[in-house]
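Work through the exercises below with the sequence and the model in view.

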Amino acid sequence: MKKLKLVQQVAEEGVVAVLRGDTPDEVVEMAEQSIAGGIKVIEITMTVPFALRAIEKLAAKYSSTTSDPSKYAIIGVGTVLDPETARAAILSGSEFVVGPSLNPATVTLCNRYRVPVMPGVMTVKEIQEALELGVDIVKLFPGNLYSPSMIKAIKGPMPQANIMPTGGVSLDNLGEWIKAGAVAVGIGSDLTTAAVKQGNYALIAERAAQYIAAYKAAKV
């Protein structure tokens, strides 16, 4: 049941912070600021050096099952290319797995341990393959190659597909993606770039709050 609950929680939260950085400590700070700003679903990418350290630290502090609102967050891993990486991240505390592409072996591994997996897809064929493998949410990636109308087009023949665009999602177009039928959206560099350039990570919390406000407005 935990897997089903997590999928539901991700859909309810609606916004996923996709975090990249130069060190584990940097992405932990990014994650904590994102959570403070209201984004409760955190994806630490495996492109971060020693990324598992960041996942372990965050997973020790936050949980999807806690009754303490200050400790509530869903910590996951991104940029997973193979099942070995997925398993290592799960053992480090990751509650969901995201990949840039559809890797059947990774999906099988995650299903074995009842962990939500969100592979990247670009075509209707890949979405169908993901559904047949038991994927609950597919990541439309890179999202900047498409417009929100892509989701409506996909949902014509596949209304059962839960689609999360990632890459190219901004405050300006988030509402369009949600209204088009996106189950959630992934936010990357737009959330963190200004903060990193200015050396002021509190800006991430402010930006996160703006994204959550935009998401809630789109859901009305």
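**Exercise 1.** Which side chain is joined to that of E26 by a polar contact of 2.8 Å?

Solution. The partner is Y201, whose side chain makes this polar contact with the side chain of E26. A polar contact is a pair of N or O atoms within 3.5 Å; within protein, one must be able to donate a hydrogen and the other to accept it, and residues adjacent in sequence count only if both atoms are side-chain atoms.

Before going on, note that this is a predicted model, in which local features need pLDDT of at least 70 and side-chain atom pairs count only at pLDDT 80 or more, while totals for chains, interfaces and linings use all residues. Residues are numbered from 1 along each chain as its sequence is written, and side-chain values use heavy atoms, with hydrogens and water left out.

**Exercise 2.** Describe the surroundings of E26.

Solution. 
- Step 1, the place: E26 is in helix α2, residues 24–36. Helices (H or I, at least four residues) and strands (E, at least two) are DSSP runs, numbered from the N terminus.
- Step 2, the charge: E26 is buried and has no salt bridge, and R20, the nearest side chain of opposite charge, is 12 Å away. Buried means under 20% relative accessible area, exposed over 50%, and partly exposed in between (1.4 Å probe, protein chains only). A salt bridge is a side-chain nitrogen of Lys or Arg within 4 Å of a carboxyl oxygen of Asp or Glu. For charge, Lys and Arg count as positive and Asp and Glu as negative; His and the chain ends are not counted.
- Step 4, the contacts: apart from neighbours within four places in sequence, E26 touches G21, V196 and Y201, where contact means heavy atoms within 4.5 Å.

**Exercise 3.** Where does K40 lie, and what is in contact with this residue?

Solution. 
- Step 1: K40 belongs to the loop between α2 and β2 (41–45).
- Step 2: K40 is also buried without a salt bridge; E13 is the nearest side chain of opposite charge, 7.2 Å away.
- Step 3: a polar atom of the K40 side chain lies 3.3 Å from the backbone oxygen of I35.
- Step 4: leaving aside neighbours within four places in sequence, the contacts of K40 are E13, I35, P69, Y72, A73 and I74.

**Exercise 4.** At what angle do α2 and α3 pack?

Solution. Two packed helices are described by the angle between their axes and the distance between the axes.
- Step 1: for α2 and α3 (residues 51–61), the angle is about 35° and the axes are 8 Å apart. Axes are lines fitted to C-alpha atoms, for helices over the stretch in contact, and angles run from 0 to 180 degrees between N-to-C directions.
- Step 2: residues P24, D25, V27, V28, A31 and E32 of α2 meet R53, A54, K57, L58 and K61 of α3.

**Exercise 5.** How many salt bridges are there by the rule given above?

Solution. The count comes to five. Three of them are worked through here.
- D136 and K3 have their closest N and O atoms 3.3 Å apart. D136 is in the loop between α6 (124–132) and β7, and K3 is in helix α1 (residues 2–13), so the pair ties together parts 133 residues apart in sequence. K3 counts as buried because its relative accessibility is 5%, whereas D136, at 27%, counts as partly exposed.
- E129 and K125 come to 2.5 Å. They are four residues apart in helix α6, which means a separation of about one helical turn. K125 is exposed at 59% relative accessibility, and E129 is partly exposed at 30%.
- R207 and D190 are bridged at 2.9 Å between the closest N and O atoms. R207 lies in helix α10 (residues 202–219) and D190 in helix α9 (residues 189–198), so this pair ties together parts 17 residues apart in sequence.

**Exercise 6.** Find backbone values that call for a second look.

Solution. Most residues other than glycine have a negative phi, and most peptide bonds are trans.
- Step 1: T79 has a positive phi, near 55°, and is in the loop between β3 (74–78) and α4 (83–91).
- Step 2: R114 has a positive phi of about 55° and lies in the loop between α5 (104–112) and β5 (117–118).
- Step 3: the peptide bond joining F141 and P142 is cis, with omega about -5°. P142 is in the loop between β7 (138–140) and α7 (149–155).
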